[in-house]
Amino acid sequence: MSLLSKIKETLICFKAGRVTLPYPRETRPVPPRFRGRPVFDAAKCVGCGGCASNCPAREILMVDLCQEVRVVKYIGRRCTYCGRCADVCPEKAITMSKEFETATNEIHDIQQELELFMGTCQRCGRCFTDAGPLDQLKMKGYRFDELDKDRWVYRSAGYLEKEAAVRDIEIEMD
Amino acid sequence: MPAWKILNRIKERFAAAVERTDVPANNRLFVHVRPGDLREVCRHVFRDMDARYVISIGWDDRPHSGGFVVSHHFSFDKAGVLCCVLVRLPGDHPKVDSVSEIIPGANWAEREFQDLLGICPEGHPWPKRLVLPDGWPEGVHPLRKDVAWNHVPEGYNHDAEHRFEDPPPGCVVVPFGPFHPTLDEPEHFRLYVEGEFVRGCEYRGFMVHRGIEKLGDSVLTYNDIPMAAERICGICGSVHNVAYAQAVEQAAALGVPLRAEYVRTIMLELERLHSHLLWVGLACHIVGFDTLFMQSFRIREPVMWMAEKISGNRKTYALCVIGGVRWEITHDLKDEMRAMLKTLEKEWLAVAGAVKGDRNLQKRTKGIGVTSKELVKEMGLVGPIARAAGVNIDCRRDLPYAAYDKVDFDVVVHEGGDVWSRVLVRVLEVFESIRIIRQCLDRMPDGPLQAKLNGELPVGRLGVSSVEAPRGESHHMVVTGENNRPRRWRVRAPTYQNLQGIPAMIKDQRLADMTISLGSIDPCFSCTDRVETLDIRTGGSQVYTQTELLQMTRQR
Amino acid sequence: MSILQNLCQQLFKRSLWVYHANSGGCNGCDIEVLNVLTPYYDVERFGIKLVGSPRHADVMLCQGPAMRSTGKALRRAYEAMPAPKLVFAIGSCACGGGIWHDTYSVLGPVEKILPVSYYIPGCPPRPEAIIYGVAVALGVVDKKSAPVKFKQMELAIPRYHPEDLKEENGMVVYQKCEKI
Amino acid sequence: MQNALQNLFLSLVNVAVVLAVAPFFEGIIRKLTAMVQSRQGPPVAQPYFDLLKLLGKEDIESGESPAMQRFSSYLSLATLLVVAAILPVGGRAVLGGSVDCILLIYLLTLSGIATLLAGLAAGSTYSLMGMSREMMCMMLLEPLFAVALLIGALHTGSLRLDAILNGSVYSSAGFPFSGYLMLGVMLFSLQAFVGRLPFDVTEAETEIMEGPLMEYSGPKLAMFKYARMAKLVIYCFLLVALFAPWGCGSGDYLMNWLLLLAKVAVVVVLVTVVAATHARYRIDQVIRYYGILLGISLLALGLAVFGY
């Protein structure tokens with residue numbers, strides 16, 4: 001009985017044959033819905049901050065350098081690839097790419113940073129449209145843009161250590 | 001028996017004790033009682049009415065009502081009702097009567113709210129720290145509303161080591177963890193071993209406590225929480241995701257489109273498929289049978305690919321938002337899924353046929369890690385562990401959610417109570433899952449994926465939801481709140497209860513069987529530990545009977 | 001002796017024993033790491049083997065953030081590894097701390113405790129991504145990512161074309177701006 | 001004098017061959033296991049890479065007594081190499097025929113003792129546990145081999161190794177009944193001798209984290225691993241030499257080796273398939289199993305005494 005089982009098990013093993021995929025020599029196409037690294041399109045971004053407000057990992061940061069220049073910074077290292085930012089973006093400036101080969105020896109390699117000139121609408125903070133039934137509720141009281149106090153436009157300010165904030169964003173202003 | 005009948009029965013006995021009742025639906029019951037009568041009411045519900053203990057939850061309601069609230073959750077599985085017994089406590093020095101003497105399974109839950117909220121369970125048999133790191137100073141309770149989520153109190157001692165109890169005489173201490181090849185997750189068991197036999201253990205877990213619940217009620221918002229929730233556990237993520245969404249929807253009385261319900265059901269069952277296949281593989285790996293480990297992972301891989309096709313990720317599906325789901329299942333996907341299920345069923349049938357007669361495997365699993373029906377009742381064990389011990393509970397049938405009331409399936413029950421029975425239960429549940437998915441694919445209607453929500457969610461409502469995870473019942477409670485986020489969100493993962501049964505299971509077993517016994521509950525420490533640290537202890541080197549053991553768990 | 005050590009470094013390409021330590025993650029990355037050992041991905045073909053003791057390991061795979069409660073144990077495990085040794089951070093939690101990077105019981109990314117040599121982002125990274133990360137570490141393939149920075153040159157909104165991305169000092173910079 | 005030198009040279013050849021082919025067989029095992037598990041598997045040369053790499057790794061001195069750790073790691077390999085040196089390939093009488101089977105049994109036991117020492121020297125809980133398991137196994141396992149050799153000795157009337165191993169009763173036309181019995185016992189215990197599944201309780205990774213070897217790193221670990229590989233070859237060799245020495249004893253020395261290695265390869269394949277399809281037994285189950293085998297072997301010994 002037991003021997004029979006062993007033979008059966010061995011048969012299962014050999015029936016399957018070798019299934020090992022040849023990666024990395026050949027790549028298998030990723031499925032169309034695959035959520036890889038989000039890619040930010042500077043041409044489309046209006047700087048509304050919807051992505052920053054909806055990011056569960058709180059890793060899309062917004063900083064106003066001055067009245068006109070806003071910087072959107074995607075740190076990338078703690079991104080959960082949930083695709084919420086792409087969902088809520090009113091301009092579809094964020095797309096979930098198919099890239100998953102992002103391994104690196106230098107974590108800053110997966111950062112993205114956009115510098116944006118802001119138009120007049122910049123201060124309403126409500127530029128993004130609702131993607132889901134609850135998103136319309138989210139736009140209350142998150143914006144924090146007293147420039148001299150804290151320049152992070154984010155619903156809860158000061159969660160980043162001061163040094164990290166300085167190091168994370170290096171902006172040359174000419 | 002609908003909820004109001006249960007309520008009447010409680011009221012018959014404790015007319016004076018009941019302060020307020022709330023029956024929002026036929027299957028939910030909230031009973032507010034006077035603090036002084038809490039213990040008696042719980043005893044009545046748990047012993048006389050034979051309800052299953054689910055969890056005890058405390059929360060800080062001071063900003064709204066000026067006090068704390070503690071809620072004991074019970075489930076009437078035959079009647080299909082979730083019953084919560086609540087008490088309000090004062091804002092300063094909150095104390096509540098401990099129910100651990102009556103319900104041994106409440107041990108951890110009470111210590112947890114003692115750690116996190118500073119609600120003192122009076123008369124608790126062993127109020128040792130459970131959740132917080134060892135260096136955490138006394139008197140700071142992170143889940144209180146006046147403590148920030150990133151607050152690390154002054155006086156935090158980085159060098160503090162956990163204080164373990166002394167081993168019983170004649171026993172050697174074998175540390176098991178925090179990094180052990182079979183555990184995969186950091187947990188620490190201190191086994192008291194005499195020769196090759198385990199005589200007792202002390203458990204120091206909650207090392208994966210990441211403060212998720214605190215994040216949920218202070219930083220994240222309603223629709224962010226599902227993403228955090230599914231990362232409570234990498235394997236049963238979708239379970240937490242759905243359970244949370246359902247709890248909120250239930251609190252807000254929000255209807256979900258039928259199509260979304262079906263999608264949720266399919267993803268939950270897909271998850272059960274890959275989780276069970278994974279477990280069979282891991283269990284084999286634990287007993288050194290690597291070939292079957294490899295083969296079950298090979299069979300499992302197409303399921304992962306399918307999940308990736310539907311949701312864009314292999315594990316964290318990012319499935320739910322409040323009021324619906326994010327991914328649809330198109331006709332092409334349906335066809336692919338049917339084909340996948342067909343091959344899966346064929347291959348798994350072959351494996352099941354082979355494994356059933358494998359005496360070599362049976363030798364390692366029969367009579368190991370035995371749980372009795374009594375232990376299941378006392379410690380509130382759930383899922384395949386309960387079903388393998390002959391206790392016929394399954395949330396999918398007892399407390400139907402999503403589309404489970406619209407499909408046919410059998411609940412697999414076994415009488416053995418040992419690891420082998422759990423193997424069989426899980427192997428057979430794979431077929432039931434395949435059956436459920438097939439029915440869902442056939443019956444899924446067209447329609448919207450998300451409900452339209454007008455206005456804000458109501459504030460201060462309570463929602464509870466149970467979802468049958470691959471490991472057992474996963475229970476979520478949400479108190480809705482302001483600022484687009486819940487006031488309190490509490491997760492009770494199945495392993496939370498199942499782990500409490502481990503000391504009794506491994507007692508007087510061989511050390512070599514310890515790993516498979518622990519593995520057999522499919523432990524998911526990350527689920528369990530969202531909040532803090534704990535110890536269980538069953539000591540002594542003489543042989544205990546089941547009753548004595550239960551007595552002991554109650555004392556400790 | 002140094003010849004042997006040299007050889008050892010060289011042989012990392014052919015033989016790499018890994019020890020995986022989950023310091024407090026959700027299990028997702030764990031299972032994916034197990035997955036790369038299984039038939040479809042089978043990293044054993046590159047000589048990669050999972051070992052149970054840090055003493056035998058060349059590489060530590062970290063999953064999960066550095067927790068207050070496990071930080072020291074993790075450090076001890078790292079110190080138990082014989083040199084030369086590498087540390088891989090796998091998943092968002094290990095790379096950056098994850099959603100809970102700043103909560104009361106989490107210290108943050110594992111690089112707060114250990115010197116991380118390679119990062120494999122993803123939540124969880126697919127098995128292919130893990131294999132890719134290992135391949136990058138072994139020098140079999142080149143890394144593909146570089147920081148992306150869009151800068152405004154003139155006071156107008158640029159319209160960007162991917163072909164205008166130029167590499168400059170290891171960074172991708174959008175150079176050509178176009179007035180609308 | 002010249003004869004002695006030639007003898008010595010051939011012994012050295014033995015050692016060299018065992019050292020050279022041991023990782024190769026390990027490679028075959030890993031490749032075969034991978035095949036059973038539906039995957040590609042490492043290249044056959046993988047164990048060579050592993051060993052070379054381990055030699056270059058840092059050697060961490062830890063545990064109770066570093067000196068004993070060093071000693072035990074060299075001892076484990078050294079004893080097996082001595083066994084290799086005295087292997088009577090092709091019926092060659094080593095050292096003028098002064099090597100007897102008692103010495104062989106002693107040496108094989110000594111290699112087990114090296115593991116014991118290793119566990120003891122490391123001193124961690126898991127190592128000690130592995131050590132105690134190893135001890136229990138050794139006490140039941142070593143007599144099996146001794147009995148097999150003794151039966152041969154009884155039939156040939158000599159304790160000389162070359163007499164027993166090659167051309168002894170086991171290969172002669174009148175294969176005694178006790179020989180059949182012993183062949184069965186040896187086949188059933190082969191997995192245990194070479195420390196493979198389902199009897200690798202002393203090193204079970206998932207139970208006691210490779211037991212005695214847990215604390216060893218770098219070159220010392222390489223020694224143990226090498227010893228383990230050599231053990232596989234030597235035990236398979238002994239089994240082949242005991243029960244199926246046909247074709248040996250004539251012709252070229254190297255041809256003899258090749259033929260032997262071919263036979264060893266067959267045995268290795270057998271070992272691999274069994275190891276790949278079994279779950280690890282628990283220590284008490286293992287002991288019971290060995291106990292039964294020991295009983296049978298003693299019965300065989302009794303039969304052999306009466307000439308069956």
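This is a predicted model: local features need pLDDT of at least 70, side-chain atom pairs count only at pLDDT 80 or more; totals for chains, interfaces and linings use all residues.
The wider setting comes next. Over all chains, the structure holds 16 aromatic pairs. One of them is formed by W136(B) and Y104(C). Their centres are 5.7 Å apart, with 65 degrees between the planes. That geometry is edge-to-face, because planes over 60 degrees apart count as such. The pair crosses between chains. On the chain B side, W136(B) sits in the loop between β7 (120-122) and β8 (172-176). On the chain C side, Y104(C) sits in the loop between α4 (91-96) and β6 (106-108). W136(B) is buried. Y104(C) is buried too.

Now turn to a pair within chain B. The ring centres of Y244(B) and W489(B) lie 5.6 Å apart, and their planes meet at 65 degrees, so this pair is edge-to-face. It links distant parts of the chain. Y244(B) belongs to helix α7 (residues 237-252), while W489(B) belongs to strand β15 (residues 488-492). The two residues are 245 residues apart. Both Y244(B) and W489(B) are buried.

Rings also meet charges here. R210(B) lies over the face of W100(C), 4.7 Å from the ring centre. This contact runs from chain B to chain C. Another contact runs from chain C to chain A. There, the charged end of R126(C) sits over the ring of F100(A), at 4.5 Å from its centre.

Note on methods
Residues are numbered from 1 along each chain as its sequence is written. Chains are lettered from A and ligands numbered from 1 in the order in which they are written. Side-chain values use heavy atoms; hydrogens and water are left out. Rings of Phe, Tyr and Trp (its six-membered ring) pair if their centres lie within 6.5 Å; planes under 30 degrees apart count as stacked, over 60 as edge-to-face and the rest as tilted. Helices (H or I, at least four residues) and strands (E, at least two) are DSSP runs, numbered from the N terminus. Buried means under 20% relative accessible area, exposed over 50%, partly exposed in between (1.4 Å probe, protein chains only). A charge sits over a ring if NZ of Lys or CZ of Arg is within 6 Å of the ring centre and within 35 degrees of the ring normal.
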